[in-house]
Amino acid sequence: MDKKYQNRRDFIKHLAMTGSAVALAASPWLGAFGSSAQSVRGANDMVRMAIIGTGSRGCELLRHLLTFSVAQNIRIVALCDNYNPHLLDAVKLCKEKELNPQSYADYRVMIEKEQLDAVIIATPLYCHAQITVDCLQTGLHVFCEKSMARTLEQTKWMYDTHIATNKILQIGHQRLFNPVYLEGMQRIHDGKLGTIGQIRAYWHRNNNWRRSLPNNDLSYERQINWRLYKEYSAGLLTELMSHQIQVANWALQKTPVSVMGTGSIRYWNDGREVNDNIALIYSYDDGTQFVYDSMTSNKKYGLEEQILGSTGTIEFEVNKQYLETPAAAPGIQQLINDVEHGIFDKLPIGGASWVPETAVNYKGENIVDSTNYMDTSLQLEAFTQFVRKGSAPEKILKEGYNASIWTMLGEIAIEKGEKLSMPKEFII
Amino acid sequence: MKPIIITSKSIKKEFYIWLVLFVCATLLNVYSIVKYHTNWSELYSQLGYVLAISIVFYVVIGVVRVLMQSVKLFKK
Ligand SMILES: NC(=O)c1ccc[n+]([C@@H]2O[C@H](COP(=O)([O-])OP(=O)(O)OC[C@H]3O[C@@H](n4cnc5c(N)ncnc54)[C@H](O)[C@@H]3O)[C@@H](O)[C@H]2O)c1
């Protein structure tokens with residue numbers, strides 16, 4: 001959180017000033033985010049929230065909330081975690097801001113006892129569904145971290161409960177609120193990149209992913225290192241790829257028709273069950289592919305989502321757009337360049353019959369000027385607005401739902417070694 | 001040591017030499033706009049480049065002039 005925080009108001013002002021108000025109008029969730037009209041509650045009514053799961057992400061979300069909770073009239077009423085050291089971390093963060101929320105080890109007791117409007121769930125993946133459903137059925141609005149759920153059935157169960165209870169369910173895909181993505185998506189949807197043939201994405205790290213255990217006590221292994229065990233997580237797929245398949249679906253404004261993939265434990269042979277390297281290909285009905293890979297034993301290429309169009313490319317993570325035929329340099333600069341080449345380049349005796357087609361060396365243009373926005377804060381601010389309004393645009397949940405379903409299908413495709421399509425019962 | 005006297009006449013002369021070179025650089029800009037079919041707005045947007053080229057020309061011409069002066073002195 002080292003960026004200077006620019007909030008929802010700054011963001012909307014900036015969109016209007018840069019002419020990107022079109023993007024605002026075109027994104028249904030942003031439109032709703034921008035207005036506070038038709039709220040079930042007053043625009044400034046207090047929103048009473050609790051956080052369930054105050055581990056690393058839960059505390060991060062809490063830090064973001066605390067930056068605007070006073071301005072947005074949000075009261076953090078309670079915190080819940082079944083692992084006391086993590087609960088104490090969150091309590092400490094609140095104390096620093098002179099807040100004194102109630103602490104709980106069992107969320108069921110908390111939602112029964114406390115008067116809440118909404119909860120934020122940042123527990124391990126395998127318990128997202130049960131906690132979400134319990135909260136929705138108690139009449140609470142829910143913000144649940146990505147990936148939505150551990151199985152196809154759980155994902156659908158969460159969605160169905162949201163429909164049945166008519167309570168908000170927002171999944172933590174923060175890129176949906178990131179100005180770089182919003183502006184870039186607008187350009188893609190306006191056809192500025194031509195025909196999208198492929199989307200490539202990757203997330204490469206060179207780290208273990210294993211967390212150390214308190215006093216090396218092995219009884220904590222599965223609780224602390226839940227990401228490494230299939231019972232609780234699909235590893236790289238749910239932890240990393242779920243963000244990027246969401247970006248691909250958003251860019252193409254559709255969901256895939258099939259997926260195939262492979263994966264293995266190539267490097268971290270330490271008893272973990274989830275793959276440490278994966279590669280998948282998702283196909284869409286118009287022939288576009290989403291080509292994905294992720295690994296944890298090399299970080300040279302980091303992470304990226306590359307949208308490859310016939311007239312341009314977007315690389316979202318670095319805020320760049322590249323044209324296939326960049327605007328020519330000014331004449332005088334071309335002249336100097338030609339003179340330089342004429343003097344210094346060696347003349348080939350015969351024309352080259354083969355030229356290596358290495359990457360185009362062109363720096364591209366920034367998609368947006370300022371990247372001083374924190375998408376995680378913006379999505380939480382949006383959630384607060386939606387809670388006041390009593391509803392959120394369905395599109396946001398559908399993005400999370402489809403990302404989760406296709407992430408799960410990716411896992412099954414890898415396990416079965418088959419090409420899979422979406423079972424009819426999961427189409428919404 | 002003999003003091004070096006820079007007269008206003010010599011400053012004017014140098015200024016005119018540079019002005020001619022600046023005009024030459026501008027003509028070069030016009031030529032490249034035509035040759036590479038680029039925008040006429042480059043006549044002012046590329047003024048910085050034109051200025052830099054005129055200074056390079058001035059330095060090159062300066063070196064040539066110093067050499068010529070030295071040859072003249074040597075012949076005397
Ligand atoms: N959106 C993002 O960029 C992003 C980033 C990191 C993590 N996440 C997601 O956030 C979630 C949490 O990840 P994390 O890294 O914070 O994990 P973590 O293990 O650090 O924290 C999870 C916490 O939940 C607690 N918990 C487990 N079961 C509970 C229960 N029944 N009731 C209350 N608390 C319970 C654990 O004790 C732990 O403190 C995951 O779903 C992860 O995918 C999202």
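## Legends to the close-up views

**Figure 1. Glu221(A) in helix α10 of chain A****.** Helices are DSSP runs of H or I with at least four residues, strands are runs of E with at least two, and both are numbered from the N terminus. The model is predicted: local features need pLDDT of at least 70 and side-chain atom pairs count only at pLDDT 80 or more, while totals for chains, interfaces and linings use all residues. Residues are numbered from 1 along each chain as its sequence is written, chains are lettered from A and ligands numbered from 1 in the order in which they are written, and side-chain values use heavy atoms, with hydrogens and water left out. With a relative accessible area of 10%, Glu221(A) is buried; here buried means under 20%, exposed over 50% and partly exposed in between, with a 1.4 Å probe and protein chains only. The side chain of Glu221(A) is joined to that of Tyr229(A) by a polar contact of 2.5 Å. A polar contact is a pair of N or O atoms within 3.5 Å; within protein, one must be able to donate a hydrogen and the other to accept it, and residues adjacent in sequence count only if both atoms are side-chain atoms.

**Figure 2. Surroundings of the ligand.** The shell around the ligand contains 26 residues, of which Arg57(A), Asp81(A), His86(A), Arg211(A) and Arg227(A) come nearest; a residue belongs here if one of its heavy atoms lies within 4 Å. By class, the shell has 8 nonpolar, 11 polar and 7 charged residues. In this scheme Ala, Val, Leu, Ile, Met, Phe, Trp, Tyr, Cys and Pro are nonpolar, Asp, Glu, Lys and Arg are charged, and the others, Gly among them, are polar. Domain 1 (3-176 + 374-394) and domain 2 (179-328 + 359-372 + 404-426) of chain A both give residues to this shell, so the ligand lies between them. The domain bounds come from an automatic or database domain assignment.

**Figure 3. Polar atoms facing the ligand.** An oxygen atom of the ligand lies 2.6 Å from a polar side-chain atom of Asp81(A). From the backbone of Thr123(A), an N or O atom lies 3.3 Å from an oxygen atom of the ligand. An N or O atom in the side chain of Glu145(A) is 2.9 Å from a nitrogen atom of the ligand. On its own the ligand has 840 Å² of accessible area, and the protein covers 91% of it; the areas come from the Shrake-Rupley method with a 1.4 Å probe, and for residues only the protein chains shown count as cover. Helices α4 (56-68), α7 (128-137) and α11 (236-252) of chain A are the elements that give two or more residues to the shell.

Figure 4. In the loop between β5 (141-145) and α8 of chain A is Ser147(A). The peptide bond that joins Lys146(A) to Ser147(A) is cis, with omega about -15°. Within α8 (residues 152-165) lies Thr155(A), which is buried at a relative accessible area of 0%. The side chains of Thr155(A) and Ser404(A) make a polar contact of 3.0 Å. Asn166(A) is placed in the loop between α8 and β6 (169-172). Asn166(A) is exposed, at 62% relative accessibility, and its phi is near 60°, a positive value in a residue other than glycine.

**Figure 5. Asn319(A) in a loop between two strands of chain A****.** The loop that holds Asn319(A) runs between β12 (312-315) and β13 (320-323). Asn319(A) has a positive phi of about 60° although it is not a glycine. The relative accessibility of Asn319(A) is 7%, and this residue counts as buried.

Figure 6. Gly309(A), in strand β11 (residues 303-309), is buried at 12% relative accessibility. Asn208(A) lies in the loop between β7 (196-204) and α10 (221-224) and is partly exposed, at 25% relative accessibility.

**Figure 7. Chain B, with its 3 helices and 0 strands****.** The pattern of chain B along the sequence is α-α-α. Chain B has a radius of gyration of 17 Å, well over the 11 Å of the globule rule for 76 residues, so it is more spread out than a compact globule. That radius is taken over C-alpha atoms, and the rule is 2.2 Å times the number of residues to the power 0.38. The C-alpha trace of chain B spans about 55 × 25 × 15 Å along its principal axes. Of the 76 residues in chain B, 17% are buried.
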